[in-house]
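Please keep the model open while reading.

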Amino acid sequence: MYMETKPQKIFQIFNYCFLGLFGFITLYPFWYVLVASLNTGRDFMRGGVYLFPREFTWENYFYAFQDSRIYTSLSISVAKTLIGVVSSLFFTVLIAYALSVKTLPGRTFFTFFWYFTTIFGGGMIPYYMLLRDLGLTKSFWLYIFPAVYNFFNFLLIRTNFSNIPSDLRESAQIDGAGDFRILFQIYLPLSLPVLATVALFIGVGQWNDWFTGAYYQSNQDLIPAATLLRKLLNEATASSTIKVGHESSAATMQSYTSQSLQMAFVMILTMPIVVVYPFLQKYYVKGVMIGAVKG
């Protein structure tokens, strides 16, 4: 029977303590925002609220949801995340499958060409002019078309497809299967971990993207939730109190502040990713390793 030595036990204790402390440091900022959002704003300004709300209230969320902009921005974020994940994953899977076939003419050239274009960029102004000329600066598709392809995601999926034995593809071709049938009935079922990982990358990127809506979107009715959050934080910095939905009375202003509403907005916009992530997390490490290690 194997017995741990004293140095090994000491190392295990140190390891658990270090990882526990590191986990606490990582989780605490999120917990602090949650506590602040569930505490009355005026009481929170007194300080001393660290682990649990001192004066519990749902009022911050109540007034946050009275701002009609949050419903519109959330619907834009949900739509662009779902459509972005499906379109980007579909397009990336197609080109990854094509370039994983070693007999494809020009395979090396196309791979190098798509990699080479990721090295250089024209800058914000030429990029904005391009989007404007394409008519995307006032369109919802601004969030979809430019983000439909990502070289890193392509590389993960193509490497995973290349690791699938070519005998499976050849056997399917002998049985009369075409490329689309081989892709959807053989390659994709064998690649669920890496597909879930890439979908998580795309989804988180789409949901957290505030830059596109802030600098390239001219239609203020089409800004996503992340851009709205940045706008609200800027407004809160310039004003001591955010007025949500309607003119606030003096009595109401005693219960919540701009800071407590900021915390509530942060939680509202963060929770969808927090809820979805645990369902995909089990595929994350396996998917990255499958897509990144050849052989």
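1. Leaving aside its neighbours within four places in sequence, which residues is Thr-92 in contact with? They are Val-148, Asn-153, Phe-154 and Ile-157. Bear in mind that this is a predicted model.

2. Thr-92 has its place in helix 4. Its relative accessible area is 1%. Buried means under 20% relative accessible area, so Thr-92 is buried.

3. One of its polar atoms lies 2.6 Å from the backbone oxygen of Ser-88.

4. Phe-90 is likewise placed in helix 4, which covers residues 68–100. Is Phe-90 buried, exposed or partly exposed? Phe-90 counts as partly exposed because its relative accessibility is 46%, and that class lies between the limits of 20% and 50%.

5. Along the sequence, Phe-90 and Val-148 are 58 residues apart, while in space their C-alpha atoms are 9.0 Å apart.

6. Turn now to the surface. A nonpolar patch there is formed by Leu-21, Phe-24, Ile-25, Leu-27, Trp-31, Tyr-50, Leu-51 and Phe-52. Together these residues have about 880 Å² of accessible area.

7. One of the patch residues is Leu-51. Where is Leu-51 found? Leu-51 sits in the loop between helix 2 (41–44) and helix 3 (59–64). With a relative accessible area of 44%, Leu-51 is partly exposed.

Technical notes
Residues are numbered from 1 along each chain as its sequence is written. This is a predicted model: local features need pLDDT of at least 70, side-chain atom pairs count only at pLDDT 80 or more; totals for chains, interfaces and linings use all residues. Side-chain values use heavy atoms; hydrogens and water are left out. Helices (H or I, at least four residues) and strands (E, at least two) are DSSP runs, numbered from the N terminus. Buried means under 20% relative accessible area, exposed over 50%, partly exposed in between (1.4 Å probe, protein chains only). A polar contact is a pair of N or O atoms within 3.5 Å; within protein, one must be able to donate a hydrogen and the other to accept it, and residues adjacent in sequence count only if both atoms are side-chain atoms. Contact means heavy atoms within 4.5 Å. Patches are made of residues with over 30% relative accessible area and no salt bridge: like charges are joined within 9 Å, nonpolar side chains (Val, Leu, Ile, Met, Phe, Trp, Tyr) within 5 Å. Accessible areas come from the Shrake-Rupley method with a 1.4 Å probe; for residues, only the protein chains shown count as cover. A salt bridge is a side-chain nitrogen of Lys or Arg within 4 Å of a carboxyl oxygen of Asp or Glu.
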